[in-house]
Amino acid sequence: MEFLQFEYVKVLVSVAVIGFLWLLISLYMKLVAKPERIRGMLRKQGIVGPLPTSWLLGNIMDMKKAYQNSQHQPTITSHNVAAAIFPYNEECRKQYESTMIIIKSLKSRVEKEGGIADIKIDDYMRSFSGDVISRACFGSNYSKGEEIFLKLTALQELMGKIAESLGIPGMRSAWKLQKEIRNLILEVVKERKQKAAHEKDLLQMIIEGAESSTFNQEETDQFIVDNCKNIYVAAFEALAISATWCLMLLASNQEWQDRVRAEVVEIYGDRTPDYEMLKKMKLLTMVIQETLRLYPPATELSRQTYKDMKFQDINIPKDVTIRTMVLFMHTNPEIWGADAYEFNPERFANGISSSCKLPYVYMPFGMGPRVCVGQHLAMIELKILLSLIVSNFSLSISPKYVHSPTRRLTIEPKDGVNLLVKKIHKVTNSMADSMAKRGSSMDGEDIVWIEF
Ligand code: HEM
């Protein structure tokens, strides 16, 4: 009997130990291993997210704290309910917005340097534009997209150097880079084809375009690689350079900087920008249009005749390249008036059609069947980026800046654009209004700032 009892207890203890171990393993699998596996999968696709602050509770306590803080608003200042109810998610959402990454990184740099920093802004603009187009082009695979864009930037720089020195020395590295870029692009394509083709990004459209053609495998690969590279030049470089020139012009024209800032404060208030708000940005649109007039990234557009052609009275034989000199047309005083070389966004106050004698010569995005397919995306990107920058910082030209536009793939500042970037303080809409009316340069403390 005693023996049976002992055996009974032994079985019970064994079951309890096994049960306890099973519980521990299940908890470990559920709370640690599985979330880590999921995080790993997402991380591989470039989705990093906030780091968990507790191994057991993840970010739950942070979420709770953010929620409690958001509940202590003394008065109704806004109807942004989503942000009040899900403050933590709102924070995360903002982190993922390419623009906010740039704003935060500029802010921390400015703070680190005591409130004003001398910053070469080109790389910030490239990083923004690369991030946006990587997402648009490569969808969930955008981290690989960024790798491709970085290699393409290196290739572009190398080709520039080779062209300058007319030499062979860099050719081997250029060839190696070309090969690496091709392999990276084709690797992404292979991964995409293995998965269900549910993505609706630019890469998917290019793949579908290639597959619906009569190309053989080699031609299909070449078509995809060439188009991805084309998007790099068209979307990545052109956008970054346009943003850089816009900021340079705003920094050297304080009056326009003030006016644009006042417009942003009036339209955004304390809300997150949306499409409707962006459409109302009249002054900012005029500034962008004027920047693209003076510094069109594509300074010339070329077409090649593929057969003998007649253009009005002129016979043009096959294989002739016709170059349309955009920059000359954009700055011809006979077309634009005596202030053709000056920065005067006011000329676009009544739209492009009233901006000059021959408005159809204004073609920063090209014209006709090959017009830029990304022009609306580009305008939206520029508006979001510039509006958030001018509403967070005051900009002026750094003594380091040397004005030396140069021709590479686009029209670029030879040694980049250095700006003095200063954090600005919060003021109300009415103060912004009066400052805009005053049209004065804003210095020191009396500057507009809206917090996003
Ligand atoms: C401010 C920024 C931009 C400027 C100034 C610009 C300008 C241009 C110009 C001048 C062309 C050539 C048109 C022609 O040959 O007639 C072009 C083509 C193109 N752009 Fe843009 N672009 C910009 C941004 C973008 C963006 C963000 C995208 C993203 C999708 C994009 C995609 C393209 C593509 C795919 C083409 C080739 C179209 C074709 O050959 O049919 N561009 N762009």
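In the open sheet of 3 strands, what is the strand order, and is the pairing parallel or antiparallel?

A: The model is predicted, and the description below should be read as such. The sheet in question is open and consists of 3 strands in the order β1-β9-β6, with antiparallel pairing. Its edge strands are β1, covering residues 116–120, and β6, covering residues 393–397. Each of these two edge strands pairs on one side only. From one strand to the next, the twist averages 30°. In general, the strands of a sheet pair through backbone hydrogen bonds, in either a parallel or an antiparallel manner.

The individual pairings can be followed residue by residue. Strand β9 spans residues 418–423 and is joined to β1 by 5 bridges, the two strands running antiparallel. Within this pairing, I119 stands opposite L419 of β9, while D118 has L420 in β9 as its bridge partner. As for β6, 5 bridges join this strand to β9, again with the strands running antiparallel. Here the bridge partner of F393 is K423 in β9. As a general point, side chains in a regular strand alternate between the two faces of the sheet.

The ligand sits in the largest pocket. The elements that give two or more residues to the shell around the ligand are α10 (217–252), β2 (300–304) and α16 (375–392). Of the elements, α10 gives the most to this shell, with 5 residues.

In total, 20 residues surround the ligand, and the closest are S242, R303, R370, C372 and V373. By residue class, the shell divides into 14 nonpolar, 3 polar and 3 charged residues. An N or O atom in the side chain of R303 is 2.7 Å from an oxygen atom of the ligand. For R370, an N or O atom of the side chain is likewise 2.7 Å from a ligand oxygen atom. Both R303 and R370 are among the closest residues named above.

Key: Residues are numbered from 1 along each chain as its sequence is written. This is a predicted model: local features need pLDDT of at least 70, side-chain atom pairs count only at pLDDT 80 or more; totals for chains, interfaces and linings use all residues. Side-chain values use heavy atoms; hydrogens and water are left out. A residue is near a molecule or strand if one of its heavy atoms lies within 4 Å of it. A polar contact is a pair of N or O atoms within 3.5 Å; within protein, one must be able to donate a hydrogen and the other to accept it, and residues adjacent in sequence count only if both atoms are side-chain atoms. On a 1 Å grid over the protein atoms alone, a cavity is a set of points where a 1.4 Å probe fits but cannot get out, and a pocket is an open set with protein on both sides within 12 Å along at least five of seven lines; lining residues have an atom within 4 Å of a point. A molecule sits in a cavity or pocket if more than half of its atoms lie within 2 Å of its grid points. Helices (H or I, at least four residues) and strands (E, at least two) are DSSP runs, numbered from the N terminus. Ala, Val, Leu, Ile, Met, Phe, Trp, Tyr, Cys and Pro count as nonpolar, Asp, Glu, Lys and Arg as charged, and the others, Gly among them, as polar. Two strands pair if DSSP finds at least two bridges between them. Axes are lines fitted to C-alpha atoms, for helices over the stretch in contact, and angles run from 0 to 180 degrees between N-to-C directions.
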